[in-house]
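User: Hi! Could you walk me through one of the helices here and how it packs against the rest?
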Amino acid sequence: MTIAMDPADLYRVLQVDPAADHEVVRAAYRALAAKYHPDVGGPADRMAALNGAWRVLCEPVTRAAYDRQRRLRDGGGRWDAYGDAAATTSARSTGTLLEFGRYAGWSIPEVARHDPDFLEWLARTPNGRRHREEIDEALGRSTATATASAPPRQRSRLRRR
């Protein structure tokens, strides 16, 4: 009996739940390695897949990075979780990807279509100022209009004399 494996999902390679503790993942790796090791007649490619999955999932830092990447790939890290993966991939590739906040992994044009108020706020924050031109373009405003519409800075009540 052959088990269908998805080599893109390391948890399926090790046949464990993504929420499994480290000890469970280690036990699953050891059991599968003993069963599919080439010295006992197992296929070498299956053992290579097991070793690759264990190499990523054995360290907490690499496992956490893989889990983030997996959630974004599967749409679970997104607030609206679009069902059409092809549409989200093409939309994401058209602009700068945000690396922080609730829209981490989203492109600026994609956020503009979903939550323009968030981009208005982001353009005024220190993290978003470097993306201001792209945000203005995504929101359909010219940079001159955006600068003119920015609220005036208030003077400090504490002045040096």
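This is a predicted model: local features need pLDDT of at least 70, side-chain atom pairs count only at pLDDT 80 or more; totals for chains, interfaces and linings use all residues.
**Helix α4 and its neighbours**

User: Which residues of α4 are buried, and where on the helix do they fall?

Analyst: Buried here means under 20% relative accessible area. In α4 that applies to Arg63, Tyr66, Asp67 and Arg70. Viewed down the axis of α4, these buried residues stay within an arc of 105 degrees, so they line one face of the helix.

User: What lies exposed on the other side of α4?

Analyst: Exposed means over 50% relative accessible area. On that other side of α4, the exposed residues are Val61 and Gln69.

User: Are α3 and α4 roughly parallel or roughly perpendicular?

Analyst: Their axes are 6 Å apart and meet at an angle of about 100 degrees. Angles of 65 to 115 degrees count as roughly perpendicular. That makes the arrangement of α3 to α4 roughly perpendicular.

User: Which residues make that contact, and how many of them are nonpolar?

Analyst: From α3 come Arg55, Val56 and Leu57, and from α4 come Thr62, Arg63 and Tyr66. By type, two are charged, one is polar and the nonpolar ones number three.

User: Is valine 56 buried or partly exposed?

Analyst: Valine 56 sits in helix α3. Leaving aside neighbours within four places in sequence, valine 56 is in contact with Leu10, Thr62, Arg63 and Tyr66. Its relative accessibility is 25%, so valine 56 counts as partly exposed.

Technical notes
Residues are numbered from 1 along each chain as its sequence is written. Side-chain values use heavy atoms; hydrogens and water are left out. Buried means under 20% relative accessible area, exposed over 50%, partly exposed in between (1.4 Å probe, protein chains only). Helices (H or I, at least four residues) and strands (E, at least two) are DSSP runs, numbered from the N terminus. The arc is that of the directions from the helix axis to the C-beta atoms. Axes are lines fitted to C-alpha atoms, for helices over the stretch in contact, and angles run from 0 to 180 degrees between N-to-C directions. Angles under 35 degrees count as roughly parallel, over 145 as roughly antiparallel, 65 to 115 as roughly perpendicular and the rest as oblique. Contact means heavy atoms within 4.5 Å. Ala, Val, Leu, Ile, Met, Phe, Trp, Tyr, Cys and Pro count as nonpolar, Asp, Glu, Lys and Arg as charged, and the others, Gly among them, as polar.
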